[in-house]
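Colleague: I am new to this structure and would like to learn how to read it. Could you walk me through it, one feature at a time?

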Amino acid sequence: MPLPAGTIEALLQRRVVFVVGKGGTGRTTVAAAIALLAGRAGKRVLAVDVEATGHLAAALGQRFAEFRPRVLQPNVSGIELRAEESFQEYLGLYFKVPRLARLTPLSRVFDFIATGVPGPRDMLVVGKIAYEERRRDQGRPAWDLIVVDSAASGHSVSHLGAAKAMLTLVRGGVIRNQVQWIDDLVRDPQRSTCVVTALPEEMPVVEAVELRQRLRSEVGVDVGAAVLNRVMLMNTTPAQRSLVTALLDEQHAEAVRSRLGGNPQPFDDALELCRRLHERSEQHERQLRHAFREPVLQVPLMTTKPGLATTRAVAAALSGRAA
Ligand SMILES: Nc1ncnc2c1ncn2[C@@H]1O[C@H](COP(=O)(O)OP(=O)(O)OP(=O)(O)O)[C@@H](O)[C@H]1O
Ligand SMILES: [Mg+2]
């Protein structure tokens, strides 16, 4: 099925794209691919690794990223979020606190924020992203697009909903204003959207549908598209099946076996596997399309090496072009 026209272009028009989904469904690869496409379109891109795993840098062909932006690809810089550094930066920017290490009482506040309570910790994640969105460099926004490799499903809902939740607690003052503009950014569909990743398997699809619902109703954030990753686009044909059946029949079996130096059965198994994976991909694509009003983009199962090669192949698939 052809890609819905303009989808990637529509995503790249936003200021922030959050890539969310169940663990292992390709969040990092899809985030890296979107960043690559935006960079190629001439945008200045910031790719954010929320979990600081180093995977996003690897998907963009680099060994590491840091809390400070580091160029990973042409037009694409990357950062890794760390609660402690985010908090230090926050104190420095807004309260002109020079160095946290000297301030024992604040260190205690920091322990409270960085380790125990989920709400303020989540605020540091989304707050840093919002700060980068607002940051200006020589009179213009520092970044045209921020692509976020988010945390796994439930956790990403907490991050995205942190400002909204905090607004119910903070009634006034400077903190409320800050939290308000963060919430405004996250929940403005013109500026922010989510891409939900899934695989053609039972649980990832169920989780993607549930996640879409939670993001829209609990947080009120826009969902721009779903990505069904690792699909088997290729189906088997009757001609292929009869060829393999002929290869395996008694008449040819001996000749084929001696030519191959082994059992030809894997040909038959590979065709059957391909048929089943294709069938399963189609079934889960239908399921996802039924639940998502938004475009569902399919990304084939690649045979490229993990890392930049796979990211490039996924970028090509997302943009509807050959790799
Ligand atoms: N379309 C694809 N075809 C083949 N391999 C893929 C594809 N997409 C991703 N991969 C590979 O699958 C692995 C998992 O992908 P990725 O790291 O992007 O998932 P993730 O959702 O970020 O996982 P985690 O939950 O660990 O953060 C990686 O090795 C990646 O290179
Ligand atoms: Mg990842």
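Colleague: In which sense do strand E1 and strand E7 pair?

Modeller: Strands of a sheet pair through backbone hydrogen bonds, and the pairing is either parallel or antiparallel. In this predicted model, E1 (residues 16-21) and E7 (residues 145-149) pair in the parallel sense, with four bridges between them.

Colleague: Now to helices against helices. At what angle do H10 and H12 pack?

Modeller: Two packed helices are described by the angle between their axes and the distance between the axes. For H10 (residues 238-248) and H12 (residues 265-291), the angle is about 155° and the axes are 9 Å apart. H10 is therefore roughly antiparallel to H12. Their crossing is left-handed.

Colleague: And which residues make that contact?

Modeller: H10 brings Gln240, Arg241, Val244, Leu247 and Leu248, while H12 brings Phe267, Asp268 and Leu271. Sorted by class, the contact of H10 with H12 has five nonpolar, one polar and two charged residues.

Colleague: Let me try another pair. At roughly what angle do H2 and H13 cross?

Modeller: The axes of H2 and H13 cross at roughly 70° and come within 8 Å. That makes H2 roughly perpendicular to H13, and the crossing is right-handed. On the H2 side you will find Thr29, Val30, Ala32, Ala33, Leu36 and Leu37. H13 answers with Thr310, Thr311, Arg312, Val314, Ala315, Leu318 and Ser319. By class, the contact of H2 with H13 has eight nonpolar, four polar and one charged residues.

Colleague: Are H7 and H9 roughly parallel or roughly antiparallel to each other?

Modeller: Look at the angle again: the axes of H7 (residues 153-167) and H9 (residues 202-219) cross at roughly 10° and come within 10 Å. H7 and H9 are therefore roughly parallel to each other. In this contact, Ser153, Val157, Leu160, Gly161 and Lys164 of H7 meet Glu207, Leu211, Arg214, Leu215, Glu218 and Val219 of H9. By class, the residues of the contact of H7 with H9 divide into five nonpolar, two polar and four charged.

Colleague: One last feature, the ligand. How many residues surround ligand 1?

Modeller: Ligand 1 is surrounded by 17 residues, the closest being Gly23, Thr28, Thr29, Met302 and Pro306. The elements that give two or more residues to this shell are H2 (27-40), E9 (223-231) and H13 (308-319). H2 gives the most, with three residues. By class, the shell around ligand 1 has six nonpolar, nine polar and two charged residues.

Key. Residues are numbered from 1 along each chain as its sequence is written. Chains are lettered from A and ligands numbered from 1 in the order in which they are written. This is a predicted model: local features need pLDDT of at least 70, side-chain atom pairs count only at pLDDT 80 or more; totals for chains, interfaces and linings use all residues. Axes are lines fitted to C-alpha atoms, for helices over the stretch in contact, and angles run from 0 to 180 degrees between N-to-C directions. Angles under 35 degrees count as roughly parallel, over 145 as roughly antiparallel, 65 to 115 as roughly perpendicular and the rest as oblique. A crossing is left-handed if the near helix is turned anticlockwise from the far one by less than a right angle, and right-handed if clockwise. Two residues are in contact if their C-beta atoms, placed from the backbone, lie within 7 Å. Ala, Val, Leu, Ile, Met, Phe, Trp, Tyr, Cys and Pro count as nonpolar, Asp, Glu, Lys and Arg as charged, and the others, Gly among them, as polar. A residue is near a molecule or strand if its C-beta atom, placed from the backbone, lies within 6 Å of it. Two strands pair if DSSP finds at least two bridges between them.
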